[in-house]
Amino acid sequence: MKDADAIVFVVDDDPSIREAIKSLVRLEGLGVETFATAQDFLRHKRPDLPGCVVLDVELPGLSGLDLQRELASHGVKLPIIFITGYGDIPMSVRAMKAGATEFLTKPFRDQDLLDAIQQALERDRVGRQHSSEIAGLRKRFDGLTSREREVMSLVVAGWLNKQIGFELGISEITVKIHRGRVMNKMGAQSLAELVRMTERLEIPKATDRSAKSR
Amino acid sequence: MFVTGTYNPYLVALSILVACFASYTALDLSGHVGPAPGFARRVWLVAAALTMGGGIWSMHFVAMLAFIMPIPMSYDVGLTTLSLVVAIFVTGIGFYVISRQSASPLHLVLSGIFMGLGIAGMHYTGMAAMRGNVELSYDPLFFALSLVIAIGASTAALWVAFRTTDLGQKLVAAVVMGLAISGMHYTGMRAAIFYCSRPGSNQAQINASVEQTNLALAVAGITFLILAFASVASLFERKRAEEALRHAQAELAHVTRVMTLGELTASISHEVNQPIAAVVLNGQVCLRLLALETPRVDEMRAAVERIVKDANRASEVIQRIRALAKRTEPQMTSLDINDVIREAILLVQREVLSHGVSLQTELASGLPPVLGDRVQLQQVVINLLMNGVEAMASVTDRPREILIRSQLHEAGQVLVAVLDSGIGIDSETAERLFSAFFTTKPSGMGMGLSISRSIIRAHGGRLWVSPNPDHGAAFQFTVPING
């Protein structure tokens with residue numbers, strides 16, 4: 001078996017279903033870890049790999065839906081595929097609203113589960129990539145001086161260098177130097193890219209300040 | 001001259017015995033009147049009246065034969081017969097009054113009056129039948145006293161007899177009734193004043209007394225024989241009624257069992273669906289493993305073994321349901337109570353789980369086998385578990401927990417306890433819980449606990465409830481050990 005680049009966590013109190021899913025997932029060349037209870041899963045140290053959870057709704061103790069809430073409250077964004085023997089509509093609506101990727105009623109087709117797993121893993125990969133990019137941007141942004149941040153917020157708000165200089169009480173040349181450093185440190189090729197970066201970082205633009213000063 | 005007689009003490013004792021035995025048989029027979037339908041009701045009433053009237057009459061006859069007078073006596077056949085008819089008819093009315101379905105204290109008193117009048121009526125008619133060389137008159141005080149004794153003691157006897165099924169109390173009632181009859185008789189005799197104009201010879205009296213004794217024995221013998229027949233008939237009827245009751249109870253137990261299964265449908269179907277889903281999934285795994293270029297035999301074997309296990313599990317659940325749904329007469333066999341508990345849990349664990357309740361077991365190992373009906377005992381356990389779950393539906397401030405425990409109890413009994421952490425039961429409702437149609441649940445029928453108690457009683461055990469020290473209630477029952 002090739003080295004797994006993704007891992008599937010299976011949480012089900014029924015050992016037979018647990019083992020069957022484990023076999024199935026391994027046949028797909030994916031890594032798999034199984035747990036009989038939600039508590040066991042929460043205690044487990046998860047490897048830093050793309051992953052998803054195949055989660056039984058009716059678990060003794062902490063239920064599947066409880067676990068979903070618990071993970072969300074800890075900021076864990078693992079996609080969840082629910083499997084259930086009851087499968088009533090209100091329950092599935094609740095699960096889906098809370099961000100589950102799929103809701104399968106037992107017995108289900110193996111291919112449906114595998115499709116759902118692939119979809120969930122893809123979602124997690126994208127999500128992880130997204131958050132690692134954000135993390136990179138954040139790191140670069142943190143490297144800026146406070147003056148550079150001030151300049152950056154005014155630049156992306158569409159101010160001219162002259163206006164910025166006047167606003168901050170510095171010369172236009174100095175503004176240009178700061179601006180060049182910002183572009184350089186953030187790794188932005190154009191003003192448009194810099195604007196997109198601030199949007200992704202959710203940094204407030206300086207529109208309020210400009211309105212006030214005029 | 002006034003004549004005073006003497007009593008043969010043996011025959012007096014015999015007369016009292018006749019009275020008591022007749023009373024017992026008549027009261028026993030009259031017990032069938034109330035519950036019997038239509039025609040059978042009348043048959044039992046007539047039988048009771050015949051026994052009572054005949055008993056009073058033969059008591060009187062034996063007592064008269066025990067009474068030795070120095071003058072020859074004979075009896076008028078017409079009046080003697082009439083005295084018998086009076087006794088049968090009037091006591092019959094008495095039994096009719098008290099055997100009505102809605103017997104009140106008024107009915108009791110009325111019945112006592114008729115019974116007393118029947119006894120007294122027979123006696124004084126019988127006395128009027130006396131033919132001989134004597135004039136008969138009565139002391140009014142003793143006459144009144146005899147009536148009071150007859151009515152008072154009859155009422156007391158009926159009161160005891162018609163509020164119990166206990167044999168001891170029935171015997172007490174019979175003795176009281178016997179004393180009502182004989183007490184009335186001998187008081188009546190004390191009231192009688194015989195006046196003779198021509199005394200006869202002593203020799204005639206002695207001869208007469210020998211004949212009288214034989215006659216008395218014959219009358220008593222025939223009476224006992226008839227009473228014995230009546231008692232046997234009554235006994236058979238009682239056995240038949242008990243059998244019918246047992247059958248009806250089994251029927252009711254079955255109906256409530258099926259109703260319980262109905263309530264559990266969702267959980268039980270899940271309990272079957274779960275292993276089937278596992279079978280399907282493992283089957284699919286097998287197919288995929290078969291499609292590999294190099295089949296992984298070990299992995300396949302493991303999957304097939306899981307399939308077999310799951311299929312057996314599903315089948316076992318279905319067998320349990322079928323056993324509970326089947327209508328069978330109770331079969332008392334030697335059982336491991338822990339098996340009974342485990343099988344019951346198999347059917348309700350999903351129900352318990354879906355209510356957010358955690359179920360724990362503390363089953364003592366090495367318990368001796370109990371004697372019982374597997375299905376009915378399972379029914380009781382399921383009922384208690386489901387009650388526990390429902391008692392905790394509104395509990396949110398503490399864990400919802402049920403503990404089921406088995407242990408050896410005192411004096412050859414095994415104890416099963418079901419403890420919940422629910423809302424508990426106040427002492428007022430505690431006993432009413434077990435009566436039919438009483439329920440604290442909005443959707444309950446109020447049959448579960450009443451059936452459970454009758455099942456446990458039929459097993460010779462006891463079912464009771466007590467509050468837990470902290471929260472909730474503890475339902476406990478005992479079942480006798482086999483052998």
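**Notes on the predicted model, chains A and B**

1. Let's start with chain A, where strand 1 (residues 7-11) and strand 2 pair in the parallel sense, with five bridges between them. Within this pairing, Phe9(A) sits opposite Glu33(A) of strand 2. Please keep in mind throughout that this is a predicted model.

2. Stepping back to the whole sheet of chain A, five strands make up an open sheet with parallel pairing, in the order 2-1-3-4-5. Its edges are strand 2 (31-35) and strand 5 (102-105), each of which pairs on one side only. From one strand to the next, the twist averages 20 degrees. As a reminder, strands of a sheet pair through backbone hydrogen bonds, in either a parallel or an antiparallel way.

3. What lies across strand 1, strand 2 and strand 3 of chain A? That is helix 1 (residues 15-27) of chain A, with strand 3 covering 51-56. This helix runs at about 170 degrees to strand 2 of chain A.

4. Over to chain B, whose secondary structure comes to 13 helices and 14 strands. The chain has 483 residues, and 41% of them count as buried.

5. A helix pair worth a look is helix 3 (residues 77-98) and helix 4 (residues 105-128) of chain B, with axes that come within 8 Å and cross at roughly 175 degrees. Angles over 145 degrees count as roughly antiparallel, and helix 3 and helix 4 of chain B are therefore roughly antiparallel to each other. By class, their contact has 15 nonpolar residues, ten polar ones and no charged ones.

6. Helix 9 of chain B (residues 297-325) has 29 residues and reaches 42 Å from its first C-alpha to its last, close to the 42 Å expected at 1.5 Å a residue. Its buried residues include Ala303(B), Ile307(B), Val317(B) and Leu324(B), and also Arg306(B), Asp310(B) and Arg313(B). In general, an α-helix has 3.6 residues a turn, so residues three or four places apart point the same way.

7. Finally, where is His32(B) placed? His32(B) is in the loop between helix 1 (9-30) and helix 2 (38-66) of chain B. Is His32(B) buried or exposed? His32(B) counts as buried because it has 21 C-beta neighbours inside 10 Å, the cut-off being 20 or more. Leaving aside residues up to four places away in sequence, His32(B) touches Trp44(B), Ser234(B) and Glu237(B). His32(B) and Arg238(B) are 206 residues apart in sequence, yet their C-alpha atoms are 8.2 Å apart in space.

Technical notes
Residues are numbered from 1 along each chain as its sequence is written. Chains are lettered from A and ligands numbered from 1 in the order in which they are written. This is a predicted model: local features need pLDDT of at least 70, side-chain atom pairs count only at pLDDT 80 or more; totals for chains, interfaces and linings use all residues. Helices (H or I, at least four residues) and strands (E, at least two) are DSSP runs, numbered from the N terminus. A residue is buried if 20 or more other C-beta atoms lie within 10 Å of its own, exposed if 12 or fewer, and partly exposed in between; C-beta atoms are placed from the backbone. Two residues are in contact if their C-beta atoms, placed from the backbone, lie within 7 Å. The expected span of a helix is 1.5 Å times one less than its number of residues. Two strands pair if DSSP finds at least two bridges between them. Axes are lines fitted to C-alpha atoms, for helices over the stretch in contact, and angles run from 0 to 180 degrees between N-to-C directions. Angles under 35 degrees count as roughly parallel, over 145 as roughly antiparallel, 65 to 115 as roughly perpendicular and the rest as oblique. Ala, Val, Leu, Ile, Met, Phe, Trp, Tyr, Cys and Pro count as nonpolar, Asp, Glu, Lys and Arg as charged, and the others, Gly among them, as polar.
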